[in-house]
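Take a look at the protein below.

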Amino acid sequence: MKPFKSAAVAAIFEGYPPGMRRKLLALRKLIFETAASTEGVGELEETLKWGEPAYLTSQTKSGSTLRIGWKKSTPSQYAMYFHCQTNLVETFRTLFPSELKFEGNRAIVFNEADRVPTDSLTFCIAAALTYHRRRGGECRIALVAGDVPLPSRGHTTAGLG
């Protein structure tokens with residue numbers, strides 16, 4: 001696992017219930033792995049936004065901020081949040097209507113007991129991390145131009161399932 005550079009971010013993860021901590025650490029790992037394997041993203045900055053772990057493409061400015069988190073008000077759910085003024089979640093909802101669960105125009109929501117379709121989620125992460133590289137930030141352009149390849153279906157990662 002990638003070590004934490006920020007004690008504040010590490011403390012947030014330590015504050016999660018153990019089962020959710022494992023799930024959120026698996027999302028964190030997937031975000032860093034996706035960034036490392038996606039051309040033009042560069043090194044991610046891990047920080048806190050609204051008290052939740054956030055991942056920024058500060059070096060390249062290639063993408064939109066991603067956040068992950070868990071809320072006491074919904075103890076069996078955790079989520080990955082996207083900037084609500086982008087068309088990212090709208091695009092993901094069109095591409096993955098039965099594979100992923102959504103909250104409005106800002107989040108993909110996971111239930112603790114669910115298996116996470118990591119191929120689809122990797123696509124979503126890569127699309128967010130490269131959002132500003134495409135003309136006008138349009139996620140759909142990536143699909144037409146092939147910048148972010150569509151995933152094969154059905155793969156999950158042990159930590160996320």
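Predicted model: local features only at pLDDT ≥ 70, side-chain atom pairs only at ≥ 80, totals over all residues.

Student: In what order do the 6 strands of the open sheet lie?
Tutor: Strands of a sheet pair through backbone hydrogen bonds, either parallel or antiparallel. Here the pairing is antiparallel. The 6 strands form an open sheet in the order S1-S2-S3-S4-S6-S5.

Student: Which strands are the edge strands?
Tutor: An edge strand pairs on one side only. That applies to S1 and to strand S5, residues 101-103. The edge strands are S1 and S5.

Student: How large is the average twist from one strand to the next?
Tutor: The twist is taken from one strand to the next, along the order S1-S2-S3-S4-S6-S5. Its average is 30°.

Student: How many bridges join S3 to S4?
Tutor: S3 and S4 form a hairpin with 6 residues between them. They run antiparallel. In this pairing, Trp70 stands opposite Tyr78 in S4. The number of bridges that join S3 to S4 is 5.

Student: Which residue of S3 does Ala54 stand opposite?
Tutor: S2 and S3 run antiparallel, and 2 bridges join them. Ala54 stands opposite a residue of S3, namely Arg67.

Student: What is the bridge partner of Phe102 in S6?
Tutor: S5 and S6 run antiparallel, with 3 bridges joining them. Strand S6 covers residues 107-111. The bridge partner of Phe102 there is Ile108.

Student: Which residues of S3 point the other way from Leu66, Ile68 and Trp70?
Tutor: In a regular strand the side chains alternate between the two faces of the sheet. Leu66, Ile68 and Trp70 point one way from S3. 5 of the 5 residues of S3 are buried, so S3 is largely enclosed by the rest of the structure. Those that point the other way are Arg67 and Gly69.

Student: At what angle does H1 run to S1?
Tutor: H1 lies across S1, S2 and S3. Its angle to S1 is about 65°.

Student: How many residues apart in sequence are the parts tied together by Tyr16 and Trp70?
Tutor: Tyr16 and Trp70 form an edge-to-face aromatic pair, 6.3 Å centre to centre, with 85° between the planes. Tyr16 lies in the loop between helix H1 and helix H2, and Trp70 lies in strand S3. So the pair ties together parts whose separation in sequence is 54 residues.

Student: Is Tyr16 buried or exposed?
Tutor: Buried means under 20% relative accessible area. Tyr16 has a relative accessibility of 7%.

Student: What is the angle between the planes of Phe82 and Phe92?
Tutor: Phe82 is in strand S4 and Phe92 in helix H3, 10 residues apart. Both are buried. The pair is edge-to-face, with centres 5.2 Å apart. The angle between the planes is 70°.

Student: Over which ring does the charged end of Arg28 sit?
Tutor: Phe4, Phe13, Tyr16 and Trp70 form one aromatic cluster. The charged end of Arg28 sits 3.9 Å from the centre of one ring, that of Phe4.

Student: Which residue meets Lys71 in a salt bridge with a 2.5 Å N to O distance?
Tutor: Lys71 lies in the loop between S3 and S4, and its partner in strand S2, 19 residues apart. Salt bridges that share partners join both of them and Arg67 into one network. The partner is Glu52.

Student: Where are Glu33 and Lys29?
Tutor: Their side chains meet in a salt bridge, 3.7 Å from N to O. They are 4 residues apart, about one turn of the helix. Both lie in helix H2.

Student: What is the phi of Trp50, which is not a glycine?
Tutor: Trp50 is found in the loop between strand S1 and strand S2. Its relative accessible area is 72%, so Trp50 is exposed. Its phi is positive, at about 55°.

Definitions and conventions
Residues numbered from 1 in each chain as written. Heavy atoms only, no water. Buried < 20%, exposed > 50% of the residue type's maximum accessible area, 1.4 Å probe, protein only. Phe/Tyr/Trp six-rings, centres within 6.5 Å; stacked < 30°, edge-to-face > 60°. Lys NZ or Arg CZ within 6 Å of the ring centre and 35° of its normal. Pairing = 2+ DSSP bridges. Axes fitted to C-alpha atoms, helices over the stretch in contact; angles between N-to-C directions. Contact = heavy atoms within 4.5 Å. Salt bridge = Lys/Arg side-chain N within 4 Å of Asp/Glu carboxyl O.
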